[in-house]
Amino acid sequence: MSWIGASAKEIARAVRRGDVSATQVVADHLDHIRDHDTVDAFRIVRGAQAVAEAEQVDEQEDLAGAALAGVPVAIKENTPVAGLPTWWGSHAAQQPVAEADHEVVRRLRGAGAVVVGTTRMPELGLWGTTDDGETVTRNPWRPDLTPGGSSGGAAAAVAAGLVPIAHANDGLGSVRIPAACCGLVGIRP
């Protein structure tokens, strides 16, 4: 059975019950990202690091409290993820490799989620579209249209079925605009 297209709730429940390993779920999603990210949603895909992280989830003796056990998640590229540079959608603003996770990443991992990569955003998050000096991120429903911005990579990744959930952040519509453009529900706490 493929877990591509399953909800975060379905995946976490199956991993907690032992119906599937987090490693298998993450490997399936990484293969799917490699073969189907035609929308250029991801800046960095973690590959082997994500598989190792999933193996750590599988090694935990008790997953009862892991609300997101084995769920592949993408993080917006302006949020520090240990071991990755923080891009901010710009070569000029790129920060060096983060030594520690941002609090939201730490909490997602603490709930059992596995970070599979970082998603694209426009330069410094300034625009309502998602493109940078390298590529234009596309809307999975209509590749001639934008997925919005600034969390357009996150929205495109979820709408394309590359991950069941993605992190985003919002100051002036950066979650709400991409959610509306891609037919998703975005939450701005």
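Helices, labelled H, are DSSP runs of at least four residues and are numbered from the N terminus. What you have open is a predicted model.

Is H5 itself enclosed or open? The buried residues are Gly152, Gly153, Ala154, Ala155, Ala156, Ala157 and Ala159, and they pack against E1, strand E5 (114–119), E6 and helix H6 (176–182).

Next, select the strands of the open sheet, which has 4 strands in the order E1-E5-E2-E6, with mixed pairing. At the edges you will find strand E1 (42–45) and strand E6 (165–166), each of which has a single partner strand, so that one side of each is left without a neighbour in the sheet. Strand E2, residues 72–76, pairs with E6 in the parallel sense over 2 bridges, and if you label Val73 you can see that it stands opposite Ile165 in E6.

Finally, select helix H2 (residues 22–36) together with helix H3 (residues 48–59), whose axes come within 7 Å and cross at roughly 160°. Because of that angle, H2 is roughly antiparallel to H3. To see the contact, show Ala22, Thr23, Val26 and Leu30 of H2 with Ala50, Val51, Ala54, Glu55, Val57 and Asp58 of H3; these residues divide into 7 nonpolar, 1 polar and 2 charged.

Technical notes
Residues numbered from 1 in each chain as written. Predicted model: local features only at pLDDT ≥ 70, side-chain atom pairs only at ≥ 80, totals over all residues. Heavy atoms only, no water. Axes fitted to C-alpha atoms, helices over the stretch in contact; angles between N-to-C directions. Parallel < 35°, antiparallel > 145°, perpendicular 65-115°, else oblique. Contact = heavy atoms within 4.5 Å. Nonpolar A, V, L, I, M, F, W, Y, C, P; charged D, E, K, R; others polar. Pairing = 2+ DSSP bridges. Buried < 20%, exposed > 50% of the residue type's maximum accessible area, 1.4 Å probe, protein only.
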